[in-house]
Amino acid sequence: MISPILCRSPRVTIVGAGKVGSTLAQRVAEKNLADVVLLDIVEGMPQGLALDLMEARGIELHHRQIIGTNDYADTADSDIVVITAGIPRKPGMSRDDLLKINAKIVVEAAKSAIAYSPNAIFIVVTNPLDVMTYLAWEATGLPRHRVMGMAGVLDSARFETFIALELGVLPADVKAMVLGSHGDLMVPLSRYATVNGIPITEFLDSATIARLVERTRNGGAEIVELMRTGGAFFAPASAVSVMVESILLNQSRLLPVAIYLQGEYGLDDIVIGVPCRLGCGGVEKILELYLTDGEREALQISAQSVRNNINRAQEILAMQ
């Protein structure tokens with residue numbers, strides 16, 4: 001008699017079953033990347049979403065298991081934990097306005113998840129993202145290459161979209177890079193933006209590029225103001241799924257990621273978005289790009305804002 005061989009499928013836990021979390025669960029499952037555990041504090045909601053996604057498997061032609069739960073024990077042995085839990089922005093709110101509430105949520109989620117999945121790689125999506133990523137890194141005690149934030153992938157995609165719309169070209173032909181914090185002080189690097197390898201400066205004048213940069217910086221706020229009852233979730237979920245895919249498939253893609261820095265770009269003891277290579281171990285390498293004096297100054301200003309909010313978050317947590 002031949003004994004069956006039990007093969008373990010990769011597992012991705014998503015903490016927070018709101019619009020970003022549930023859309024990400026759909027992306028991961030329908031790309032056939034991993035089994036998914038969708039966790040939320042609201043009883044019945046993650047279970048219902050998971051069942052709905054499971055019922056679509058035959059139509060979408062994938063075989064991934066998707067479960068919903070309110071218990072971190074069900075997330076055990078996850079390869080990747082994505083934290084999307086927290087309150088979303090409302091009209092008139094900045095990402096920093098979310099600091100007080102979301103700091104506690106993210107720290108508790110990180111500590112609970114790491115207890116059941118000590119070997120997991122963590123991706124933080126909750127805003128203000130750079131600060132929440134720092135708090136998750138601190139709470140888990142993991143090496144920096146295993147805790148990162150999703151920001152630059154989304155911000156770069158927005159910059160690419162606006163360039164493509166302006167020029168009337170295929171979005172896939174546009175490549176751009178955005179560094180810095182995930183907020184109004186992000187640093188879109190227009191010098192590195194290209195259309196099929198041709199710099200956008202060959203197509204657009206400086207005033208137009210400046211307008212597109214400004215729209216990129218306000219990309220999330222623009223959607224919040226239009227929707228009024230919530231924020232973006234389709235594009236953020238797609239951005240996270242790209243990171244998940246690069247890690248699970250060991251693609252070593254070069255992506256802008258919020259990561260804890262130890263001297264890179266002249267910054268230390270801070271989390272901020274920089275180009276990183278993502279593979280099966282998490283962040284494999286941090287790439288230090290050449291920056292002009294103006295770009296470096298903008299990155300320093302962005303970093304100082306993040307540092308101020310990290311200090312505020314730590315003070316808030318210490319009082320709780």
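Colleague: How many of the ten residues of strand E12 are buried?

Modeller: Two terms come first. Strands (E, at least two residues) and helices (H or I, at least four residues) are DSSP runs, numbered from the N terminus. Buried means under 20% relative accessible area, exposed over 50%, and partly exposed in between, with a 1.4 Å probe and protein chains only. In this case, seven of the ten residues of E12 (residues 253–262) are buried, so the strand is mostly covered.

Colleague: On what basis are such values given?

Modeller: This is a predicted model, in which local features need pLDDT of at least 70 and side-chain atom pairs count only at pLDDT 80 or more, while totals for chains, interfaces and linings use all residues. Residues are numbered from 1 along each chain as its sequence is written, and side-chain values use heavy atoms, with hydrogens and water left out.

Colleague: Which strands does E12 pair with, and in which sense?

Modeller: Two strands pair if DSSP finds at least two bridges between them. Strand E6 (residues 147–150) pairs with E12 in the antiparallel sense over two bridges, and Met150 has Val257 in E12 as its bridge partner. Strand E13 (residues 268–279) is joined to E12 by ten bridges, again antiparallel. Here Ala258 is bridged to Gly273 of E13.

Colleague: What lies between E12 and E13?

Modeller: The two strands form a hairpin with five residues between them. Gly263, in the turn, has a positive phi of about 105°. As a general idea for strands, side chains alternate between the two faces of the sheet when the strand is regular.

Colleague: In what order do strands E7, E10 and E11 form their sheet?

Modeller: The order is E7-E10-E11, in an open sheet of three strands with antiparallel pairing. Its edge strands, each pairing on one side only, are E7 (174–175) and E11 (198–199). E10 (residues 194–195) pairs with E11 over two bridges, and Val195 has Ile198 as its bridge partner in E11.

Colleague: How many salt bridges does a search of the whole structure find?

Modeller: In general, side chains of opposite charge can pair when their charged atoms come close. The criterion is a side-chain nitrogen of Lys or Arg within 4 Å of a carboxyl oxygen of Asp or Glu. The search finds nine salt bridges. One of them joins the side chains of Arg191 and Glu295, at 2.8 Å from N to O. Arg191 lies in the loop between strand E9 (187–188) and E10, and Glu295 in helix H10 (residues 293–319), so this pair ties together parts that are 104 residues apart in sequence.

Colleague: Are Arg191 and Glu295 buried or partly exposed?

Modeller: Arg191 is partly exposed, at 38% relative accessible area, whereas Glu295 is buried, at 12%.

Colleague: Where do Arg217 and Glu214 lie?

Modeller: Both are in helix H7 (residues 206–217), three residues apart, about one turn of the helix. Glu284 is partly exposed at 35%, as is Arg277 at 36%.

Colleague: Which residues make the nonpolar surface patch of about 300 Å²?

Modeller: Patches are made of residues with over 30% relative accessible area and no salt bridge; like charges are joined within 9 Å, and nonpolar side chains (Val, Leu, Ile, Met, Phe, Trp, Tyr) within 5 Å. Areas come from the Shrake-Rupley method with a 1.4 Å probe; for residues, only the protein chains shown count as cover. This patch consists of Ile41, Val42 and Met45. Val42 is in the loop between strand E2 (35–39) and helix H2 (45–55), and is partly exposed at 42% relative accessible area.
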